[in-house]
Amino acid sequence: MDWNSWLPVFIVLSSLLPGLLIFSLAEHRFALRTTLNLGGVLVKLLLVAWMWQGVKAGEDYYFELPFLPGGSFILHGDALSLQFVLLSSVLWLVTTLYAIGYLEGSPLRSRFFGYFSLCVSATVGLALSGNLISFVLFYELLTLATFPLVVHRGTVESLRAGRRYLAYTISGGVVLMLGAALLHSLTGSPVFMPGGYLSPLLAEHSGLLMLAFVLLITGLGVKAALLPLHGWLPEAMVAPAPVSALLHAVAVVKAGAFGIVRVVYDVFGVDVMQQLDLTWPLVMLASATILYGSWRALQQQDLKRRLAYSTVSQVSYVTLGVAMLGPVAAVGGLVHLVHQGVMKITLFFCAGNFAETLGIHKIRELNGVGRRMPLSSIAFTLGACGMIGLPATAGMISKWYLASGALDAGYPLVLLVLLTSSALNAMYFLPVIYRIWCLPAGDWPAPKQLSRRFETHWMLLLPPVITAVLIVLMGLLAGTDLSPLSWSKLIVEREFSYD
Amino acid sequence: MTELQTLLWPGADFAVPEGPVALWFGFTLLLWLCAGLYSFSTINQRKVLYWSSFSLAMVGNLLLLLAQDVLGFYLGFALMSLSAYGLVIHSGKGAARRAGRLYLQLAIFGELLLFAALLLRVDAADGALAISDLQAAALTPLTLSLLLLGFGLKAGFFPLHIWLPQAHPAAPAPASAVLSGAMIKAGLFGLWQFIPAGDGLLLLWLPWLLVLCFSSAFFGALLALLHRKTKVVLAYSSVSQMGYLLLALVLYWSSPADYQAQAAWLLVWYACHHALLKSALFLAAGTASSYRLQSWHWLALLWPLVSLTALPLSSGAAVKYGLKQELGQGIFANWSLLPGLLTIGALSTALLAWHLLALLREQHQPTKPKLPSTASFSWLVLVLASLSMPWWLTQLQPLWWQALQPAGILAAGWPVLLAAGLYWWWQHGGRPLPASWQDPVSPALGWSLWLKSCYQTQSSRQQAWPPPQWRKQERRANRWLTQQALLPLASSTLLAVILLLWLLS
Amino acid sequence: MNFALAAVLLPLLAAVLALCWRRQAARLVWLSTLFSLLLALAALWQVVTFGPASMQLGGWQTGLAIRWQLNELSALLLLMTALIHSLVASYSLSQWRDAGLSADFWPLSALLQSALSSLFLSVDLFNWYVTLELLGLAAVALVLLSGKKALQAAMRYLLLSLAASLCYLLGVALLYGHYGWLDVPQLAVAISEEPVDHRLALWLITAGLMLKAALWPLHVWLPAAHAAAPAPVSALLSALVVKGPLFMLYMIWSQLAGPELAVTGSWLFLLTGSMALVVGGWSALRTPYAKVMVAYSTVAQLGYGLLALGLMLHLTDPAFTQALFIFVLAHALAKTSTFLAVGEMQLRLGGKRLSTFRGASQTMPLAMFAVAVAGGSLIGLPPSGGFVAKWQLLLPLWQHSQLWWLLPVILAGTLLSAAYIFRLVVLAFNRAKPVRPDFAPALLPQWLALLPALLVWMLAFASGSLLSWLGG
Amino acid sequence: MSGDFWFDALLGLLLLLLALATILARQLAAAVMLYVVFGLMLALAWARLGAADLALAEAAIGAGLTGALLFSALARQPKSLAPAQGAGRVERLPALLLCSAISAVLGWTLWQLPLQPQHSQLPAALEQLGSSGTEHLVTAVLLNFRAWDTLLELLVLLLALLGTRLVAAPEPAALQHWPLARQWSKRLLPLLVLVAFFVLWRGATAPGGAFQAGALLAAALVVLRLNGQLPALRFDFWWVRALILAGVLAFLLAGLLSLWLNWQPEQAAQWLRWPLPLAKGLILLIELSATLAIGLTLTLLVVGERKELGA
Amino acid sequence: MSLVHWYLLIAAGLWGIGCYGLIRGPELLRRIIALNLMGAAVFLVMVTLAARTDPADGVLHALVLTGLVVAVSATAFALALVARTLSESA
């Protein structure tokens, strides 16, 4: 059997099979479940590294299965998909560790980790999907796999959040399907090609193409939390911390952003977008989301809700970067896809630690946490500085490329938007850091002594530290070829053809 | 060191500084060491917040001097300005926290402006990240104003100084010494590095900058007189001195090509002179407020004042003379008014010095504990460095000698004497200042509070969409449909469908 | 053709034998369903390899004798009937002792299967009348199996289906009066030669069949009947019995309607389809009872069948025929799984209302998973069969701008179906106060309920060959 | 204006009047009575229209058995049932309008029907009659040309019985037997049985056949049962079940036999194609078993008690 | 106005009366009678159509006969069902 074509399948299966096995495990089989979980993660990382090195050397990984007439089920490992796969695999390892620590002793863990693995395999499948139909397929599976995680606690609020989440994502998925059907009726569903495959249709179907674009972007906009469709994200914060960490920092939100990148570059292509003059509405929408998200984050008193609204605004950076169609802006957008994931997951881990160890949910309860939980607080501070875009962090790199891309692509107003957004970020993150470090500690709402030597359970502490270090490394060592920045440059110059 | 680029962030490049920048790096390093030594003995070591901010600020300050690329410089600059916040709020009192908040808001605002400015410059130089490449690109009004604002907010001359008189008094003595001595100079260093001298637009704006310098100089000095606390007076004196430093920079920009190297050196000398004397004065003020001043302390205190008022024998005299000389070189050669303004400046600085001396003597309480020896040693090192400046700076000696000529002594001497007379008359004879003018509270704190309120508002929870209360009507409709009317309704619909369709087709 | 004939006769024989040996009835009928499944597969294989075949019953020439036509379409429908019957038979075999299902279920379901198979095969109008009548009576008898609570619903169902059959018979009589043919293809030839105004006949037949297939305006009898019936019966009713008349509507309207009548017919089906989607969906969303919700979902989903039929008449594009019968197949599998799972849960958790399903994902995870997966196909999420049907329905729509209003209707229908499916799924995740079954529920019935759901979930991957066979 | 015209006109009007009276009668018993008369008049109409078989069947099944069914249902109705109150005038008007419109449309369409049909299956049926094994056309169509319909129809009858078993209707009130009727039924039974089998035998050549014979047989059995002279025909007895299933079984066996007889290896088999020499015998066998089955089933349907039906 | 037309009109009238009975008839039994009337109407249509040719069309007669048997069995089942429903509700 041809290894090159089956590798993508194995990557998707490497989290699917453990997931299905875990479903069948009884609740007390702790050891087996952890080995399955971590084993799946490590195997996936190995395979991804193998494919990463292959793609760098120019290999082609292509798997095809007959699915619908005119559009088959394709898994295609190219540079862009690999970046997202690498991001989700690494963060899945970290989050699994965190989840095992977080859910110590709570019921229904087999079900949780089962759906957890399904969700990651859906994300990876979505990244590797080679044409629009397979993308829609994994997009829907992602919704179904993430829903049980959002309602894992089973309380009334989590159910209400779950309903709202489903209402948004299912209708988004359906609208996306409508768009895909429209394009499929025009040209079938060929493989994603750099420069898109719609230019021959431009002459007589421009109206339909615009409608398709609106449908696709609305469908993807739900998961990418664009302005009017972001309502579900803050509500979904009621989910347990590892869920809100992985899903709302990496899997679900990034799936939407990744989808927009695919649609803009590999379906429509740069020149079709310009001829149909579709770029400025997307830029306006993304900018509006950025500002709105940050402004609403200011008003939130609950820590996780503030982080959620900050996610709403940060993810639109990616959309903004991609929508400006400039090569530098594209690099900025793609690199921010990775950086925001790592930074936001750190913040969610720390928020989870504060909630789990000291029972802190509101921001005013954070006074003086720096003394009680120094490591988590440092990680939180680094994450926050990254979000604001202070130098020496990953946030700075992506903001720098986005801004210079904006100038290069001829959108000076976007620079203003980025600056205001950074100011707003500072306004809602710095008071939190100020409370953590500079105010005397009151008595904690529900203090728990989770571990003798460290401030909290080691499994809860290690992940945020790892990702915090990653933030700084990605910021400082952005030049190395391992860094997401150079990988994004490789993607842009290899896949987004600018003639 | 190009291979750094492949390791660190894109365009990362550091170089050992030589020429004027080396001196700048030298006195900054000296300042940080002395302040570190002083605070080592006076500030308790377990204050993690203070020490982490102190070390981060130091690293940032030194980094920005070494950086050859834009991102490196910006990294150092941001690190320094943001971590200085930790120093300002160290004491934890209400005033310190308010000053800290104002400082941080303005620092962040300055940061963003600088970010935009650097971006526009890099874009103008189409993507080149080395600072040297940026010099070639032409300045646009937007970029220039952003640069001036960004670095000005850090340098603290007249219109952008509002945070300085609040932050320095709130910070502990060594911190404010470093703040005044090294950190605000970084703003000036930025202006010097990023604004190319020969730019056409710059030459157009120079007269306005000149006005800015002198207004900052006079404003700082006069306002200092209104205040009773020594640290506030010193802060305002820094504002006025920054005016003079900006003047040196303006002269550097306006000087002809051949004279530019000399002008650069003059700028650095002035910066070094001011750094040493201001940090010594701040240490002195700090010591005066919480320790007993021994006799030799008074001497160590007097020499910076002498140097401040540019009396002969001091580095101040040499630098001031150099400044007068330079006035005559560039495009301002024919502006006759400038030398006069300089002398008025000297007069106001002298007045300020006397005011300061009076305040220090007033505050002196013999009952306070003795200053620890390491702290006094570091203070002494600073004073000696300032004292011996003409010696280890050989190029400064010709100017120093000329300042010692009788004409120089006379020119430097009369303003000090006149100021002494005026101050004595004002304190003892003339009408005292009306009470409302004493220690005026700056309106900036009010604005900062207003800004904080608008970003920490309470959000009202939106009410979930109420589910429709149709249960009653539905139950009635179902009961009617299933009990009585199902059969007649269904059969009549059947027939109606047939009839309707027959009519329609 | 032999395999198809055997597939019809085997259940008939099994029914008769089941009436003779009442004790062995269950195993006998169960075996007959499995064998008929194999026979149906063989028939499909035969049609695919040797092409369509037809048989005059009794060897007389066409017109006089009843004609059976076996093409890919009827072979597939035969296979669907056999598959659903074997699934339902094995489900009821595994749990009829605790569900208290009376032994009469077996002969009746065998008769139902043979009636349906002969309906899908024959192309004779009067033979359709007799099989339709047989279907109706068997269905009413099956509904009566759950005793007292089903009397009212069964009685109404019987009376209305009798009235509908009479309308259908009157239509057939008029057609015979005009053209003299009972054989549909021959009748089509006769109509095309010298067309006579046979509008009333066609409308009578259509109204009769619409009532039998519970299509929107004439659907009021269905929710009560399907909800009152025992679980396996309501699965059979919703999945198969409702599809027989729909198949007849397709055969009649695709061959007998003249061009201008087809336009009016298409507007009828489009409007009723849209109303079915919206009204059916809304009623499913609002009803507090679980099985009534699933029944209303049938009414809603039939809306898609109507839309496909209407579009096929309007735009004469074969894609819509494919969409119609992929929908019939996918809906049959999905509805069987939903009804079996909901029935099983209702039996174990002991309660008609939806609130008894609180926390079902903990207490009966397999059944809940079956409902979710089958629900995925009802909504039309990829890669399920429902998705393929909707996909085929959507593709040709984009070019015809005058039918733009169908897109929001389909979108509304999908969202409503998502609403009522996930209403149940979200309730199942409520861990606050789960309703506990009194003893460990048996796993086999839940696995059998899950099997059709998994089949329909993977249907998209087999859609290539399916669509080519339904190219029709 | 020959006598026929007046006869048909009168018969038609009478049918309409009887139908109206049945629907609008206040008491239910009167409605049932009027319906039975309507059935008889209808049989007369069939005879008038040249459908002798149908007249016989209508008289036996339509009027006779359906009437008996209605009366037994009437007997089972609980007395305490409050008379259903008639709906108000408003509701009556729309129904009236709708029905009159429908009948007008139907009448207008029927009026359009051509008096001479361009095509019908009659000529083809007549020429094939010779090779069908019977002389009488209706029997040939029923048991040869469209035998499958008849098999399904027998299944419908069986299904009706199975359904009634499931329903387990309430027992009618106990009857006190009228001695005159008992004597009368004892004399009548042999005659009825004889006529039934005569009608069955004649079906091969002239109007008659399994259904009419079955109906007569059922009538005989019903009369016996109502007079209490017939033991319970319990469904659980194997021979009762065998008899009920006789019709369907005979059909299936005959079909399988014919399949086996004219089996050609590569040719497609043809279902229900009686081999010519055996056709007459097979048809007769099927007719006989169908008669018995129909007779017993109808009896159980009309007068079957709960214990008999083995609910 | 030949014999065939006359009987067809009568059949149309019967159908209308049957429908009215089905919709309006208050009692269930009356509705079953109405159904039988509609059945009779349909069979009358078929028999009249058969009578249009000189030897009446035997095929139609067979169909009507099958229809009759189906009608009877359906009526029997319906009556049993109605009887049980009424006894339950009383």
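Tutor: The answer below looks at one chain in detail and then at some of its surroundings.

This is a predicted model, in which local features need pLDDT of at least 70 and side-chain atom pairs count only at pLDDT 80 or more, while totals for chains, interfaces and linings use all residues. Residues are numbered from 1 along each chain as its sequence is written, and chains are lettered from A and ligands numbered from 1 in the order in which they are written.

The part to look at is chain C. Its secondary structure consists of 20 helices and two strands (helices are DSSP runs of H or I with at least four residues, strands are runs of E with at least two, and both are numbered from the N terminus). Chain C has a radius of gyration of 21 Å, close to the 23 Å from the globule rule for 472 residues, so chain C is as compact as a globular protein of that length. The radius is taken over C-alpha atoms, and the rule is 2.2 Å times the number of residues to the power 0.38. The C-alpha trace of chain C spans about 70 × 60 × 45 Å along its principal axes.

Of the 472 residues in chain C, 72% are buried. A residue counts as buried if 20 or more other C-beta atoms, placed from the backbone, lie within 10 Å of its own, as exposed if 12 or fewer do, and as partly exposed in between. Helix α9 of chain C, residues 221-228, is a case to follow in the structure: eight of its eight residues are buried, so α9(C) is largely enclosed by the rest of the structure. Those residues run from Trp221(C), Leu222(C) and Pro223(C) through Ala224(C), Ala225(C) and His226(C) to Ala227(C) and Ala228(C).

Contacts come next; two residues are in contact if their C-beta atoms, placed from the backbone, lie within 7 Å. Among contacts in chain C with a separation of 6 or more, 81% join residues 24 or more positions apart.

Chain C is divided into domain 1 (1-122) and domain 2 (123-469), with bounds that come from an automatic or database domain assignment. Taken over C-alpha atoms, the centres of domain 1 and domain 2 of chain C are 21 Å apart. Where the two meet, domain 1 of chain C puts in 35 residues and domain 2 of chain C puts in 36 residues. On the domain 1 side of this contact in chain C, β2 (67-70), α3 (72-99) and α4 (105-121) each supply at least two residues. The most comes from α3(C), with 15 residues. By class, that side of domain 1 of chain C has 20 nonpolar, twelve polar and three charged residues. Here Ala, Val, Leu, Ile, Met, Phe, Trp, Tyr, Cys and Pro are nonpolar, Asp, Glu, Lys and Arg are charged, and the others, Gly among them, are polar.

Chain E can be set beside chain C. Chain E has three helices and zero strands, and its elements run α-α-α from the N terminus. The radius of gyration of chain E is 16 Å, whereas a compact globule of 90 residues would have one near 12 Å. Its C-alpha trace spans about 55 × 25 × 10 Å along the principal axes. Even so, 81% of the 90 residues of chain E count as buried. In chain E, 48% of the contacts between residues at least 6 apart in sequence join residues at least 24 apart.

Eight pairs of chains touch, and the most contacts are between chains D and E. There, 65 residues of chain E are in contact with 72 residues of chain D. On the chain E side, the elements that give two or more residues are α1 (3-24), α2 (28-50) and α3 (58-89). Of these, α3(E) gives the most, with 24 residues. The side of chain E that touches chain D divides into 44 nonpolar, 15 polar and six charged residues.

Chain B also meets chain D: six residues of chain B are in contact with five residues of chain D. The chain B side has five nonpolar residues, one polar residue and no charged residues. Chain A does not touch chain D, and their nearest C-alpha atoms are 35 Å apart. Chain A does not touch chain E either, with nearest C-alpha atoms 42 Å apart.
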